[in-house]
Amino acid sequence: MALVRAIEAQKPEDVRICYDPVALSLVNRIRFVLSKLVIGSGIYGLMFGGAIEFITARERYIDDFLKACLSESLDQVVILGAGFDTRAYRIAGIEKTQVFEVDHPATQEVKLKRLKKVINPLPDHVTFVQVDFDTQMLGERLPASGYDEQGKTLFIWQGVTMYLTPEGIDSTLAFIANHSGPGSAVIFDYFYNETLYDMKTVRWITRVIGERLIFGIDEGQIEPFLIRRGSRKIHNATTGELKRLYFTGPNAGRPISTGVAIASARTGKTEINSCPHDPVPVA
């Protein structure tokens, strides 16, 4: 995902969908060049039509949602399965909040080594939380790292849900609903069940890299699904909406994959002021 963001960032300002000026510093330069060649050749597009477009639109949509939340005040941002996410270092105003990057120790160690080469010292507003979900609980590790259960929090859960078991999904959503303050919100992407098992090539590739596509939600069922798990004021951004928001002008002809969506909702204890459930596109 960082490679895709790095490639998109090299495009002219009036063409790129998302902009991540940090990503290029985190990725392997040889892989960057090879990936750029593969994507530019059209091979990737033939195999995974519109997947790159969804990744870039997802990044932009969540960026816009985060900015809207920050504009209405926010105490904390929790990035679940952070990987090489760079929002804590490039989104204006986020330094006024406490950001918790939650990930597996092995992944986090690699990221920290690369980050320190370009951002040193690391900013005080970021706390790195190592969680091995096979042996540790988010509800134990996050509070132990300084997380405030009364704080107004945005949980960003990008590119993760499809690899988790239903039990893992329920456990995480239960923590978010029961251990975050008034006005909190969650945003995540997910596959529709109807298309999840038709993606044979993608499933094969994810198995090769040690991942398995496991979880999906029936199309049209995200609202009852989240209501049953303590969320409210749910918005489901389909790829049709993403295309209307971002694929205009010189990008109007770029396809975007279907069968996937981005859900956002208000959560946590009884709310006072909440993050908006629609993003505010940023020019």
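Which side chain meets Arg254 in a salt bridge? The legends below start with that pair.

**Figure 1. Arg254 and Glu53 meet through their side chains.** This is a predicted model, in which local features need pLDDT of at least 70, side-chain atom pairs count only at pLDDT 80 or more, and totals for chains, interfaces and linings use all residues. Residues are numbered from 1 along each chain as its sequence is written, and side-chain values use heavy atoms, with hydrogens and water left out. Glu53 is the salt-bridge partner of Arg254, at 3.4 Å from N to O. A salt bridge here is a side-chain nitrogen of Lys or Arg within 4 Å of a carboxyl oxygen of Asp or Glu. Arg254 sits in the loop between helix 13 (239-246) and strand 7 (260-267), and Glu53 in helix 5, so the pair ties together parts that are 201 residues apart in sequence. Helices (H or I, at least four residues) and strands (E, at least two) are DSSP runs, numbered from the N terminus. Arg254 is buried, at 13% relative accessibility. Glu53 is buried too, at 12%. Buried means under 20% relative accessible area, exposed over 50%, and partly exposed in between (1.4 Å probe, protein chains only).

**Figure 2. Arg58 forms a salt bridge with Asp189.** The N to O distance is 2.8 Å. Arg58 belongs to helix 5 and Asp189 to strand 5 (residues 184-191), so this pair links distant parts of the chain, 131 residues apart. Arg58 is buried at 5% relative accessibility. Asp189 is buried at 1%.

**Figure 3. Asp63 and Arg87 pair in a salt bridge.** Their side chains come to 2.7 Å, N to O. Asp63 is in helix 5 and Arg87 in helix 6 (residues 87-90), 24 residues apart. Both residues are buried. Shared partners join Arg5, Asp20, Glu59, Asp63, Asp85, Arg87 and Arg90 into one network of salt bridges. The count of salt bridges in the model comes to 15.

**Figure 4. Ser73 and Lys233 have positive phi values.** Neither residue is glycine. Phi of Ser73 is near 75°. Ser73 lies in the loop between helix 5 (51-71) and strand 1 (76-80). Its relative accessible area is 45%, partly exposed. Phi of Lys233 is near 50°. Lys233 is placed in strand 6 (residues 232-238). Lys233 is partly exposed, at 47% relative accessibility.

**Figure 5. A cis peptide bond joins Asn120 and Pro121.** Omega is about 5° at this bond. Pro121 is found in the loop between helix 7 (105-118) and strand 3 (126-130).
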